Amino acid sequence: MASDSNKDKDIQAVSVNKPPQLDLFSLSDSRDKNYSNSIDIYDALPKYSLEKRRRFTDLNSAVRERECRIGDRVIKVKVKPAIIENSKGKHELVYPGEREEIIEDALRKLAVNGGSVMIDGKVGVLFTFYELRAELRRNKHEFKLSEIKEAILVCRGAQLETVTNDNETVISSSFFPMVGLTTRKDIQMREGDTKCYVQFNPLVTESILKQTFRLYDYSTSMSIKSPLARYMHKRMSHYWSQASANDPYTPRLIPYLSGSPRGLSDRMGSNVRAMKIALDVLVEHEVIASYKAKRITEGKKLVDIYYTIFPTDKFVKTVKRANYKSNSIRLKKDLHTISETSL
């Protein structure tokens, strides 16, 4: 089991390096300006809270649990909130939510654009708050510097634990195990042009080192306002590698929503509407061309819906580009292995 044993550090006091795997993770081609990389397993986990209420004080409900299926594995997800001091000096429990998701995606975009580094064997990104804010603004997400800094502290303090169905813990760590500033006070007081470092979750490091990341349409993802539709877009982009009119995406309502950040409501009508809205948003953003819904009933009772989802030509083009990129990375890795063994 991996544990979160890191402490925040001054980036001047640690060794920064860029191994070959980070070059493979980067997207230096100007044609890739609208793309980023999705992360295997990590991006499919239902780890962000979609509740409108962000702040809590009740310690009795300080753990959120969810379960999802990725391939043939069932993974239990536990999220513990960060303890954040508010403007009045009071401590509150804050779960990572949509704000943290958007900011983490922007940080990863800065990483693939050349900002990725490795410190103490863990992958992260070097950036300034001005760079991060500009990247968010470029994608029409406006946050105050104070909001960005708090989001980073939330990801620093919130704990993510994943457990497989055989009860073997995969990972237990915070979302951002290390923030590269001397103290937490620095992240609140320093100016926006100060260099900062955020270390990504160990699942992100593992995916980068094993080259299980995958190209996806970052600009489209960032333009999607619906959290459920954005989650579906990322998941389809990563796992629907054979997308075509002849190979549709075929999720079922109940297990799909159960394993999503939204979760499953008690009322079936609410679940059906949520999925319809998300799918309609994906049609609007030219991710899917159309979809069919086959109702599964027991008598008159609706128990599930089987969806058949067809991609747009635009999405298929992106999938083919991602497949080409993944194959190129595997080839480079194989050639590097051959050259290493021949020495």
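The model is predicted, with local features needing pLDDT of at least 70 and side-chain atom pairs counting only at pLDDT 80 or more, while totals for chains, interfaces and linings use all residues. Residues are numbered from 1 along each chain as its sequence is written, and side-chain values use heavy atoms, with hydrogens and water left out.

Let's start with the open sheet, where three strands line up as S3-S7-S6 with antiparallel pairing. Strands here are DSSP runs of E with at least two residues, helices are runs of H or I with at least four, and both are numbered from the N terminus. Two strands count as paired if DSSP finds at least two bridges between them. Strand S3 (55–56) and strand S6 (82–85) sit at the edges, each pairing on one side only. Helix H4 (residues 145–157) packs on this sheet and touches S3, S6 and S7, a contact being heavy atoms within 4.5 Å. The direction of H4 makes about 145° with that of S6; axes are lines fitted to C-alpha atoms, for helices over the stretch in contact, and angles run from 0 to 180 degrees between N-to-C directions.

Zoom in on S6 and you'll find four bridges to antiparallel strand S7 (residues 91–94), with Ala-82 opposite Val-94 in S7.

Now for S5 (residues 73–80), which is joined to strand S4 (residues 64–70) by seven bridges, again antiparallel. Across that pairing, Glu-67 stands opposite Lys-76 in S5. The S4–S5 hairpin has two residues between its strands, and Gly-71 takes a positive phi near 65° there. S5 also runs antiparallel to strand S10 (residues 159–164), with six bridges joining them, and here Lys-78 faces Glu-161 as its opposite residue in S10.
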